[in-house]
Every structure is written in C-alpha cells, then in structure tokens.
Amino acid sequence: MNGEQGERRTFRLLPWTAAEGKPCYVLGDGTGYVSRMADGIESVQLGMAGDLLGHAADLLADRQVTGVELHFLASRLSESLQEVKRVAESRGARLNASGHVSDNDRPGHREPDINNP
C-alpha cells in the first residue's frame with residue numbers, strides 16, 4: 001500500500017484461467033491495466049454469448065438441422081455459459097466486496113414461489 005487513505009484493494013476473479021484450468025485473480029482497486037483488460041475481455045465474452053444465442057435460435061428453428069450441427073451448437077453454448085458464469089461470479093464478488101449486494105441478491109438466495117408452495 002502506498003499509504004493513501006481510503007484505498008480499496010480487492011481480489012478480482014479474471015475472465016481467464018491458468019494453464020491447468022485454475023482460476024486467476026488480480027489484487028487491486030479495479031483501475032489498473034489488468035482490470036481494464038479483464039473488463040474488455042468480459043465485454044467481448046458477453047457480446048459473443050449474445051451472438052451465439054441468436055445463432056442458436058435460428059438453428060433450432062430450422063427443422064432440417066443435423067445432429068452434428070446441434071452437437072456443435074451445444075458445445076459452443078456450454079463454453080459460452082462457462083464464460084458468462086465466470087463473469088457473473090466475478091462481478092457478484094466485486095459487488096459483495098463493495099457492500100452493494102442485498103441479502104436477496106446473494107448467490108443461493110431464492111425467493112419463495114407463491115404459485116408452488
């Protein structure tokens with residue numbers, strides 16, 4: 001620490017993994033080079049997920065789609081879901097660390113379903 005008052009340093013889950021598949025983190029205040037690079041990669045990942053969902057809708061509407069095409073789609077959707085889940089976990093952890101998450105927004109919290117007691 002450089003002695004500045006109020007400096008908030010937290011660990012951030014990064015949108016990539018180490019070679020062994022282990023999670024990568026950065027410690028900082030969220031304004032450094034690695035954090036900005038992670039923001040950019042997260043943006044690309046979320047954009048690609050949106051594009052993939054559009055492609056999935058088109059492919060699933062096609063009654064002549066092959067099993068190979070569906071397998072390829074399922075594989076890409078699985079990869080994308082892993083990336084989006086990682087982004088959500090990272091952002092959720094940062095919100096929690098900053099104190100901006102209510103109990104209802106915490107992972108694992110589920111509102112009661114009034115239609116199915």
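Good morning. The model is a predicted one, in which local features need pLDDT of at least 70 and side-chain atom pairs count only at pLDDT 80 or more, whereas totals for chains, interfaces and linings use all residues. Residues are numbered from 1 along each chain as its sequence is written, and side-chain values use heavy atoms, with hydrogens and water left out.

Where does Ser35 lie? Ser35 belongs to helix α1, residues 33-61; helices (H or I, at least four residues) and strands (E, at least two) are DSSP runs, numbered from the N terminus. Leaving aside neighbours within four places in sequence, Ser35 is in contact (heavy atoms within 4.5 Å) with Arg12, Val26 and Gly30.

I turn now to the chain. Its 2 helices and 2 strands follow the pattern β-β-α-α along the sequence. Of its 117 residues, 18% count as buried. Considering contacts between residues at least 6 apart in sequence, 46% join residues at least 24 apart.

Finally, I consider the rings. How many aromatic pairs does a search of the whole structure find? The search finds 0; to pair, rings of Phe, Tyr and Trp (its six-membered ring) must have centres within 6.5 Å, and planes under 30 degrees apart count as stacked, over 60 as edge-to-face and the rest as tilted. Arg76, however, lies over the face of Phe72, at 4.5 Å from the ring centre. A charge sits over a ring if NZ of Lys or CZ of Arg is within 6 Å of the ring centre and within 35 degrees of the ring normal.

Conventions
Buried means under 20% relative accessible area, exposed over 50%, partly exposed in between (1.4 Å probe, protein chains only).
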